[in-house]
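Colleague: Could you walk me through this model? I would like to start with the charged pairs and then move on to the domains.

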Amino acid sequence: MNPTRKMWVIFGGALALYVLIVMLIAVIPAIDLSHTAPGPGVQPLTPLHVQGREVFAGNGCGYCHTQQVRPLTEDKVFGRPSAPGDFSYQTPELLGSERTGPDLTNVGKVKPSDVWQYIHLYDPRAVVPQSIMPNFRFLFRVVDQLPAGETAVPLPAKFAPAHGYVVPTPQAKALVAYLLSLKQQPIPGYVAPAEAAPAAAPTAAVAPAAAGGYAYDAAKGQALFEANCAACHQASGAGVPGAFPPLKGNAAVASDDPGLHLRTVLHGASGVVIDGVKYSSVMPPFAAQLSDADIANIANYERSSWGNHGKPVTAAEVATLRAGSK
Amino acid sequence: MAAAVQGAGIADRDATQEQTSEQDDRALAAVFKAYTISATCWLLFGTAVGLLLAFKFGAPDFWAEKYLTFGRLRPIHTNSVFYGFASIGLVGTAFYVTARSCGTRLYSTRLAWLGLWLFNIAALTGTIALDLGYNWGDLEYREWPWPIRLVLLAALLVTVWNLLATIARRASHDIYLSNWYIIGGFLWTCVICLVAILPWYQQGLGQVAISGYFMHNAVGMWFTPLALGLFYYAIPKVLNRPIYSYALGVLAFWTNLVFYPMLGGHHFLFSPLPWWLQTTAIICSVGMLVPVLGGSANFLLTMRGRYHGRIESYPLAFLFIGVLCYLVGSTQGTVEALRSLQAVWHFTSFTVGHSHLTMYGFVSFAVWGAIYALLPLATGKNPGRLGVATHFWLALVGMSIYVIALSIGGTLQGLDWVRGVPFIQSVAEMAPYYLWRGVGGILMFLSHLVFAWNVWRMTAGKPGNAPSPIMEPEGAAA
């Protein structure tokens with residue numbers, strides 16, 4: 001074989017074999033997958049959401065936050081397993097490769113309050129003290145006079161600028177609109193595989209008195225509170241003045257009738273007035289993701305913490321209210 | 001086998017079968033020098049950014065302004081060490097290896113300069129675009145806007161044309177193994193760039209499939225073959241003895257080509273990608289043990305009996321660590337791809353540790369080893385032994401701290417999720433490991449400053465004044 005021909009045989013062969021493999025393993029499957037039909041209820045993005053998505057990608061949010069839920073027990077906190085039809089309008093894809101922060105697949109459902117999102121972007125530590133997310137103050141303006149039609153972000157005093165109002169820029173508004181649009185659509189007929197956890201509920205109910213005669217799983221109640229409630233109501237139960245109501249000394253939590261307290265946890269709330277303060281933020285419903293025993297644990301934790309002495313509740317009461325007030 | 005025996009001698013032979021003029025040698029040395037200096041600048045920039053990022057894990061409000069925010073600097077770090085430092089460093093050395101192992105002059109010095117400009121324009125405009133917030137979907141290693149990635153493709157095409165034309169001028173009938181890996185790497189990477197840019201099959205989930213493919217092919221079909229190509233030349237050269245087995249090198253070449261392209265799907269295990277694609281990726285990840293074990297064994301057996309040489313010769317020490325990290329890092333990659341372990345490690349900092357073990361321990365050490373072994377031969381100027389030793393130990397200790405800290409921390413992070421503790425607890429518990437990552441990072445960055453000094457001495461310093469990196473042949477060991 002002459003030397004030049006030998007060169008073309010080796011390198012041409014290596015190239016041709018590679019192109020063949022790439023076609024089989026990447027390009028042809030990708031052509032097929034690009035035609036995946038959107039799942040039920042999955043809608044194209046609005047222009048505002050598209051803009052928000054660009055802010056998201058341009059500032060590298062995707063390096064710390066994934067947008068895919070795996071069919072693993074540990075991922076259940078983020079929603080149902082992601083389905084192929086969820087990604088039909090997700091180009092460029094933002095599935096991500098690292099979870100330095102939590103997955104955002106359902107952030108619009110879990111943290112539906114735009115006020116929370118703005119406070120959190122302006123200074124994450126104002127609502128999540130242990131957060132290591134950078135602040136995104138560059139997405140806000142500080143103004144002396146509040147422009148007509150604008151609402152100032154109600155920051156806790158410790159995190160607010162010395163004077164002036166904090167107002168989100170159009171970019172921040174687009175980003176928050178995009179984040180709030182991140183919600184998984186239910187798949188008709190999909191039932192989450194049964195978990196072993198509910199079996200533990202009866203033992204929790206008969207657990208020894210934790211504090212002040214409250215018969216509930218105190219450790220579980222605290223963990224569930226921190227995972228689901230503390231982002232707004234804070235680990236101290238004090239809430240964020242003007243943004244999220246306190247649970248400490250809250251009449252509904254201290255009341256002998258647990259109805260309002262449990263209904264709020266089950267079905268969410270918005271625009272409520274507590275102690276003369278109107279809270280515009282939205283509270284998400286927890287009926288879909290928490291069991292009766294879990295909600296009872298959380299409620300009892302809230303009713304027995306921070307100096308609260310509300311009457312204990314049982315899982316059975318939660319079940320009654322869940323069934324009754326649909 | 002005749003070809004194997006003949007080929008094995010080429011690395012030794014090129015010095016005796018010199019067919020190049022002094023002017024050609026000077027031109028080749030100038031190209032090698034310029035690429036090395038350019039790579040060194042990108043190394044300093046890219047790892048300074050990396051160090052700042054490591055610091056931000058402990059001080060998130062530090063320099064949080066728009067152009068210095070974590071999410072913009074993070075891709076700047078990865079892309080500048082990928083396409084600035086490692087790529088340009090490998091390409092410069094590849095020019096030297098190809099020309100020398102073919103016993104001929106470089107086909108075109110002008111094309112080499114053009115390539116250098118194109119690589120730098122791509123890396124520079126890419127950095128600026130990312131800092132301005134033009135990030136194409138946070139898709140790892142292809143964040144640059146597509147016109148910039150076309151410039152990178154042009155750089156690759158210009159360079160591979162130059163290298164192929166050089167090989168066509170070679171003195172011997174055989175093509176030395178290094179050139180198989182180098183040319184293979186270039187040709188495959190041109191395909192990778194093209195596949196990543198074309199839009200027709202990249203909608204939604206289709207793009208996820210391409211992301212998985214791209215992410216790992218850009219690593220395994222570009223950096224791996226080029227670094228291995230340097231090993232096949234530099235290790236026999238420094239030891240002054242032929243490679244242990246030419247045939248084993250050929251086997252590793254073809255098996256790497258068959259298994260590596262298919263394993264990208266393992267970045268998306270448990271994702272909505274088709275299950276068969278994920279399983280194929282896992283099987284090929286296991287198949288990678290063949291080229292990895294074959295290649296590593298070949299290099300280690302070439303070094304057999306001359307282990308004391310690793311202490312005498314720091315270029316060899318760099319190459320030795322590069323081989324070890326290739327072996328350990330790649331095997332770790334196979335293990336990580338298994339579903340049961342992926343369930344714990346995926347999305348955690350363990351993966352970041354893995355990518356540094358491979359891109360730093362394997363690829364960067366290979367680049368440094370090859371530069372320390374070959375650049376003095378091209379320029380006639382040597383770095384001081386103390387300088388090279390300082391670089392070696394700072395880099396090795398720094399990387400070890402970095403990788404060990406993130407491997408332990410990442411495992412705990414994954415176990416926290418499995419145990420179902422509140423997410424924020426997994427963030428808080430990483431703090432000490434993020435701190436140790438920073439400590440390792442400081443040592444690594446200091447080693448790069450020393451490297452820059454050594455490069456200065458090898459390019460602008462005084463000629464001679466130190467022993468050649470090439471060891472004396474040892475009769476008993478042959």
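**Charged pairs and domains**

Modeller: Gladly, and here is a pair to begin with: the side chains of Lys6(A) and Asp174(B) meet in a salt bridge, 3.4 Å from N to O. A salt bridge here is a side-chain nitrogen of Lys or Arg within 4 Å of a carboxyl oxygen of Asp or Glu. Before we go on, this is a predicted model, in which local features need pLDDT of at least 70 and side-chain atom pairs count only at pLDDT 80 or more, while totals for chains, interfaces and linings use all residues. Residues are numbered from 1 along each chain as its sequence is written, chains are lettered from A and ligands numbered from 1 in the order in which they are written, and side-chain values use heavy atoms, with hydrogens and water left out.

Colleague: Thanks! What does the pair of Lys6(A) and Asp174(B) join?

Modeller: Lys6(A) lies in helix 1 (residues 3–34) of chain A. Asp174(B) sits in the loop between helix 6 (146–168) and helix 7 (177–197) of chain B, so the pair joins two chains. Helices (H or I, at least four residues) and strands (E, at least two) are DSSP runs, numbered from the N terminus.

Colleague: Are Lys6(A) and Asp174(B) buried or exposed?

Modeller: The cut-offs are under 20% relative accessible area for buried, over 50% for exposed and partly exposed in between, with a 1.4 Å probe and protein chains only. By that rule, Lys6(A) and Asp174(B) are both buried.

Colleague: Which residue forms a salt bridge with Glu140(B)?

Modeller: The partner lies in helix 4 of chain B, 66 residues from Glu140(B), which is in the loop between helix 5 (109–131) and helix 6. With closest N and O atoms 3.0 Å apart, the partner of Glu140(B) is Arg74(B).

Colleague: Which side chain of opposite charge is nearest to Lys381(B)?

Modeller: Lys381(B) is found in the loop between helix 15 (350–379) and helix 16 (385–419) of chain B. Lys and Arg count as positive and Asp and Glu as negative, with His and the chain ends not counted. Lys381(B) is buried yet has no salt bridge, and at 13 Å the nearest such side chain is Glu22(B).

Colleague: Which residue has its backbone oxygen 2.9 Å from a polar atom of the Lys381(B) side chain?

Modeller: Lys381(B) has no salt bridge, but its side chain does have a polar atom 2.9 Å from a backbone oxygen. That oxygen belongs to Thr459(B).

Colleague: How much area is buried between domain 1 and domain 2 of chain A?

Modeller: The domain assignment, automatic or from a database, gives domain 1 (47–181) and domain 2 (198–324). Their C-alpha centres lie 26 Å apart, and the contact (heavy atoms within 4.5 Å) takes 13 residues from domain 1 and 14 residues from domain 2. Buried area is the accessible area (1.4 Å probe) that two parts lose on being put together, summed over both. Carbon and sulfur atoms give 69% of the total, which is about 900 Å².

Colleague: Which element gives the most to the side of domain 1 of chain A that touches domain 2 of chain A?

Modeller: Between these domains the count is zero salt bridges. Two elements of chain A give two or more residues to that side of domain 1: helix 3 (107–110) and helix 4 (114–122). With three residues, the one that gives the most is helix 4 of chain A.

How values were computed
Polar contact = N/O pair within 3.5 Å; in protein donor to acceptor, adjacent residues only side chain to side chain.
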